[in-house]
Structures are given as structure tokens and as C-alpha cells.
Amino acid sequence: MSLAGMGVVAIWHDLLPEAKGDFYEWHNREHMPERVGIPGCRRGRRYIAVDGRPEYFNLYEADSPEVLGGQDYLNRLNTPTDWTKRVVPSFKGVARSICRVEFTGGVGSGGTMLTMRFDIAAAKRASAINALVGNVLPPLSLRNGISGVHLCIADEAISKVETNEKKARADTTLVPTWIVLIEGNAVGDLRAAEHALVPQLEQLGATAPEIAVYALEFTRLKTPWSAG
């Protein structure tokens, strides 16, 4: 298991250029510590695009999706700080899903992350999960240069809960339903894994995936010295 838990929040977004300085200070010094301090949240990571869009990808790992739909988490979302209220309206093109981790494999975390967002018809959902978990993704996690491969499927009911923080965003928030994350050493390693995976997704009935590659910028872990 490469992820820190079986629930994740996956968020993609762009940002107004004039807000970047404030965003970085807020995200590092307030937002990430606040989120990881929630009971059951284990790790937060922020990435910046090196190939593709949107510019930022954020991943929060928790014990389960229920933690991310629980009262402790919702309390934070419904009582945003003044700093949060100032920064969040600068987000553009937001896509955000609270997901259940259906598969996580690998030896650890990588400095680069490839994200795939796609959909598969509900009638094919069970067979696609079985194929991905049983046959497709485990060998991918063993490829040279790959440190982790994860399949995350949105819990749409939890993802679509309206909160005060969501309402503060200027744009409508998209909810990607199927997400594959591939972590590794270098962009070339991720692209090789992508080229192996995409034809297999097509055979399972997946829509054309939205793909981007990101470099790690910041990590916040729950430690004995952090809140929560």
C-alpha cells in the first residue's frame, strides 16, 4: 500500500496570477496544517503541473471516505477562516472529488505524479473495477521507475455536499468520477506507464482520459508534533 489511507480528496485547480503569493503562504502555513490536523487525515500533498493543466493538483489522504464526509471535516469547510475566504475566490477551473480508494499499490511516494480523470458507464463499473484491481494495475505498479499506482472512485454523495468553502469559489466545481494516479521517479517513467494503461482503459469502456503530470511542491504529514 502506497497511499496513507483508503479515502482521498483529489483537487485540481488553476489560480489567478495575482493571488499566488498569498496562496502559497496560506496553503503551507494554514490550510495544509488545518486539514491534516483533522482526526483521521494522514497526509496532504501539493503538486504543480509540468505537462498539462490545471496548474495545481492537491491530494489529501485519510483513513476512509467517511472521515472526509464526517462532522470534523465538514466543520472546517463550513467555518472558513478569514484567510481562506480571501484566497479561495482566486481558484479557477476547480475539479474536486472525495473518493474511496479501490486499489493502491507500490513501494512509496514519488516526486512526480500523473493524474488521469475519466468515466466508465455504471453498467460496466463492477467489471471494470475487477479488471483494474485484479489484472491491470498491479503489474503497472511494478514497472521501472514507478513508486505507486492508485485507483480512486468518487463518492458522489459526499463530493457534492454544499459547504461554505465551496460556495466561496468563483466557479462551479466539477466532480471527476474515476481517477488513476501514477507516482514515480521521472516524467518519462510516468508517460511509459500511461501508454501501457490507456489502451486497457479503452477496452474497459473508459472515456478519453484527461491527463496531466505534476511535480511535488509541498507535503504535510500528521506527526507527534502536528495538531490532531
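Predicted model: local features only at pLDDT ≥ 70, side-chain atom pairs only at ≥ 80, totals over all residues.

Trainee: How many disulfides does a search of the whole structure find?
Mentor: A disulfide is a covalent bond between the sulfur atoms of two cysteines. The cut-off for the sulfur pair is 2.5 Å. A search of the whole structure gives a count of 0.

Trainee: Which cysteine sulfur is nearest to that of Cys99, and how far away is it?
Mentor: Cys99 takes part in no disulfide. Its relative accessible area is 0%, so Cys99 is buried. The nearest cysteine sulfur belongs to Cys152, at 5.4 Å.

Trainee: Is Cys41 buried or exposed?
Mentor: Cys41 is found in strand β2. Its contacts beyond four places in sequence are Arg35, Val36, Glu61, Ala62, Val67, Leu68 and Lys222. Because the relative accessibility of Cys41 is 5%, the residue counts as buried.

Trainee: What distance separates the C-alpha atoms of Cys41 and Val67?
Mentor: Val67 is among the residues that Cys41 touches. Along the chain, Cys41 and Val67 are 26 residues apart. Their C-alpha atoms are separated by 7.4 Å.

Trainee: Why is the ring pair of Phe23 and Tyr56 tilted?
Mentor: A pair of aromatic rings is described by the distance of the centres and the angle of the planes. For Phe23 and Tyr56 the centres are 5.2 Å apart. The pair is tilted because its planes stand at 50°.

Trainee: How many residues apart are Phe23 and Tyr56, and where is each found?
Mentor: Both partners are buried, since Phe23 has a relative accessible area of 0% and Tyr56 has a relative accessibility of 0%. Phe23 belongs to helix α1 (residues 20-36) and Tyr56 to strand β3 (residues 56-62). The pair thus links distant parts of the chain, 33 residues apart.

Trainee: What is the geometry of the pair formed by Tyr24 and Tyr56?
Mentor: Tyr24, in helix α1, is 32 residues from Tyr56 in strand β3. The ring centres are 6.0 Å apart. With planes at 70°, the pair is edge-to-face.

Trainee: Which residues do ring pairs link into a cluster?
Mentor: The structure holds 10 aromatic pairs. Tyr24, one of the cluster members, is partly exposed at 21%. The cluster comprises Phe23, Tyr24, Trp26, Tyr56 and Phe91.

Trainee: Which residue lies over the face of Trp12?
Mentor: Here a charge is placed over a ring if, among other conditions, it is within 6 Å of the ring centre. The distance from the ring centre of Trp12 is 4.6 Å. The residue lying over the face of Trp12 is Arg117.

Trainee: On which residue is the kink in helix α5 centred?
Mentor: Helix α5 spans residues 125-140. Its buried residues include Ala131 and Leu132, and the buried residues of α5 pack against β4, β6, β7 and α8. The kink is about 45° and is centred on Leu132.

Trainee: Which residue's backbone oxygen does the side chain of Thr112 reach?
Mentor: Thr112 is in strand β5 (residues 112-118) and is buried, as its relative accessibility is 9%. Beyond four places in sequence, its contacts include Ile182, Glu183 and Tyr214. The side chain of Thr112 reaches, at 3.0 Å, the backbone oxygen of Gly184.

Trainee: Which residues does Gly205 contact, leaving aside its neighbours within four places in sequence?
Mentor: Gly205 is located in the loop between α8 (187-203) and β8 (210-221). At 29% relative accessibility, Gly205 is partly exposed. The contacts of Gly205 are Asp119, Ile120 and Lys124.

Trainee: Which two residues does a cis peptide bond join?
Mentor: Most residues other than glycine have a negative phi, and most peptide bonds are trans. Pro54 is found in the loop between β2 (41-51) and β3. With omega about 0°, the cis bond joins Arg53 and Pro54.

Note on methods: Residues numbered from 1 in each chain as written. Heavy atoms only, no water. Helix = DSSP H or I, 4+ residues; strand = E, 2+ residues; numbered from the N terminus. Buried < 20%, exposed > 50% of the residue type's maximum accessible area, 1.4 Å probe, protein only. Contact = heavy atoms within 4.5 Å. Polar contact = N/O pair within 3.5 Å; in protein donor to acceptor, adjacent residues only side chain to side chain. Phe/Tyr/Trp six-rings, centres within 6.5 Å; stacked < 30°, edge-to-face > 60°. Lys NZ or Arg CZ within 6 Å of the ring centre and 35° of its normal. Bend = angle between axes of the 7 residues up to and from the residue.
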